[in-house]
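Visitor: I'd like a walk through this model, and I'll keep asking how you know what you tell me. Could you show me the sequence and structure before we start?

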Number of protein chains: 2
Amino acid sequence: MINTFYNQQDQLFVGVDCIIFGLCEGSLKLLLIKRDFEPHKGEWSLMGGFVRQNESVDNAARRVLKNLTGLDGIYMNQVNTFGDVNRDPGDRVVSVAYCALLNMHEIDNCALQKYNATWVDYNEIPRLCMDHNLMIEHAINKIRHRMRTEPLAFRLLPQRFTLTQLQNLYETLLDTKIDKRNFRRRALENSCIVSTNYIDKENSRRGARLYEYHSERLELLSFKI
Amino acid sequence: MINTFYNQQDQLFVGVDCIIFGLCEGSLKLLLIKRDFEPHKGEWSLMGGFVRQNESVDNAARRVLKNLTGLDGIYMNQVNTFGDVNRDPGDRVVSVAYCALLNMHEIDNCALQKYNATWVDYNEIPRLCMDHNLMIEHAINKIRHRMRTEPLAFRLLPQRFTLTQLQNLYETLLDTKIDKRNFRRRALENSCIVSTNYIDKENSRRGARLYEYHSERLELLSFKI
DNA sequence: TCAAAAGTGTTCAGGGTACACCCATGG
DNA sequence: CCATGGGTGTACCCTGAACACTTTTGA
């Protein structure tokens, strides 16, 4: 009885593609794969997969991310759906792009090798197959907007971070220079960011105070840096 | 040779649903249909359709809108993709929601009747079938954001409009009261909005000056009211 | 003559931006 | 002792918000 309403309609392949951002020693990276399968074998690509009959599109994205990184429960956001007829030379595939932000040090490097995945610098993104460059562009625009209204940075940073690290991240993502004093003042006014008693001695002789995000205050609706 | 890469993958129905906003005598409306077909026969619904093998998802949305309204080339925006497994009791359907803004007076009322479609006040949106209320919520949030950064209002208004009409539209969409003097000052500072020599005598004894959007200036990246 | 909508400037506060120097430490 | 990154306050400007009365005209 079910499965009879839409019999005359076409069915299409539905894919997900993941734009995965990570931060490594202060520089922002994107996780890309060199395809060792057709179509577009040998070209750069986002990591993707197909949505199965019995999983939601969101879950398909989570599954693809987990396969690649071993990580569960990562923050992911739908970016946009790409549905041109000939976007994929393999067949007609409608693809939903998702964006993930994660802390690079948590991730499983074996899985990365298995999929032939590597971190590529955010400022040196190569030409990718199909419409994947366009997907990345959409994702970046979306992140830029969210950075201004939500606490996102903590998803990329280690648990404890210096204000300089935080500022560098904002500068990279927003592609702008920020005045140090103004940035620090605003960061400290922001109740999500709390000071710890730890000092980072790795990046300077003097040492820099480490801060954390205050998990219970992350829910705050308005966020400003 | 083509069509062999993805053979083992599932194929799904892909739908589009249209959230259609229109303005009628100063009040904002949504175009909904009372379904005279299964599933959810008799319930309120967005107008939708299925994406065909040989059309892009964007074009499917345009086709659905054109069928219903007779209008071509209407401003439409992808809102979000809804992909829960059981969102549609008829079958597994992944649906891409689109938002359209149009001027109600241009549209073909015969087609509306054919589909059992009616304009429903923006402030009295009924319970709709499936996840359609959620789609509308997403669409409204997106419009609210775009209102502040793009000239959108002119897509809903007639070609010539009074500043009071414009202000009412902003107040409805943003769900806020705006100070008249501040609003008018900002509107007139905005180079997209130009004064005409026409006077509207329908809505007041005194008459109100009619304005137009300046089409060549609509491309401006930043927009503020 | 009055009801109803159109139209019109000024003041004030707060947020954002610009700007330069001292501090602590390891090598 | 010096090179390196960490850390700190103030002044100004501009934008956004608040606020009330006069004008026009049809009924």
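Guide: Let's start with a term: a polar contact is a pair of N or O atoms within 3.5 Å; within protein, one must be able to donate a hydrogen and the other to accept it, and residues adjacent in sequence count only if both atoms are side-chain atoms. Some ground rules too: this is a predicted model, where local features need pLDDT of at least 70 and side-chain atom pairs count only at pLDDT 80 or more, while totals for chains, interfaces and linings use all residues. Residues are numbered from 1 along each chain as its sequence is written, chains are lettered from A and ligands numbered from 1 in the order in which they are written, and side-chain values use heavy atoms, with hydrogens and water left out.

Visitor: What makes A:Arg181 and a base nitrogen of DNA strand C a polar contact?

Guide: A polar side-chain atom of A:Arg181 sits 3.3 Å from that base nitrogen. The cut-off is 3.5 Å for N or O pairs, so the pair counts. A:Asp179 has a side-chain polar atom 3.1 Å from a base nitrogen of DNA strand C. The backbone joins in as well: a polar backbone atom of A:Arg205 is 3.3 Å from a sugar or linking oxygen of DNA strand C.

Visitor: How do you know which residues are near DNA strand C?

Guide: Near has a rule: one of the residue's heavy atoms lies within 4 Å of the molecule or strand. For DNA strand C, 22 residues surround it, and the closest are A:Arg206, B:Lys180, B:Arg184, B:Arg206 and B:Arg209. Of the atoms of DNA strand C within 4 Å of the protein, 42% are sugar and phosphate.

Visitor: What makes the surface near DNA strand C charged, polar or nonpolar, residue by residue?

Guide: It goes by residue type: Asp, Glu, Lys and Arg are charged; Ala, Val, Leu, Ile, Met, Phe, Trp, Tyr, Cys and Pro are nonpolar; the others, Gly among them, are polar. On that basis the surface near DNA strand C has 15 charged, 6 polar and 1 nonpolar residues. Helix 5 of chain B gives the largest share of that surface, 5 residues. Helices (H or I, at least four residues) and strands (E, at least two) are DSSP runs, numbered from the N terminus.

Visitor: And which residues come nearest to DNA strand D?

Guide: There are 21 residues around DNA strand D, with A:Lys180, A:Arg184, B:Asn182, B:Arg206 and B:Lys224 nearest. Sugar or phosphate makes up 40% of the atoms of DNA strand D within 4 Å of the protein, and bases the rest. By class, that surface holds 15 charged, 5 polar and 1 nonpolar residues.

Visitor: How do you know that A:Arg181 reaches a base of DNA strand D?

Guide: A polar side-chain atom of A:Arg181 is 3.5 Å from a base nitrogen there. The rule says within 3.5 Å, so this pair is listed at the cut-off. B:Arg181 has a side-chain N or O atom 3.3 Å from a base nitrogen of DNA strand D, and a polar side-chain atom of B:Arg205 is also 3.3 Å from one. The elements giving two or more residues to this surface are helix 5 and strand 10 of chain A, plus helix 5 of chain B.

Visitor: How many salt bridges link chain A and chain B?

Guide: The rule finds 0. A salt bridge needs a side-chain nitrogen of Lys or Arg within 4 Å of a carboxyl oxygen of Asp or Glu. Polar contacts are there, though: 17 residue pairs, both at pLDDT 80 or more. The side of chain A that touches chain B has 15 nonpolar, 12 polar and 8 charged residues. In contact terms (heavy atoms within 4.5 Å), 35 residues of chain A meet 35 of chain B.

Visitor: What joins strand 9 to strand 10 in chain B?

Guide: They run antiparallel and are joined by 5 bridges; B:Val194 stands opposite B:Glu212.

Conventions
Pairing = 2+ DSSP bridges.
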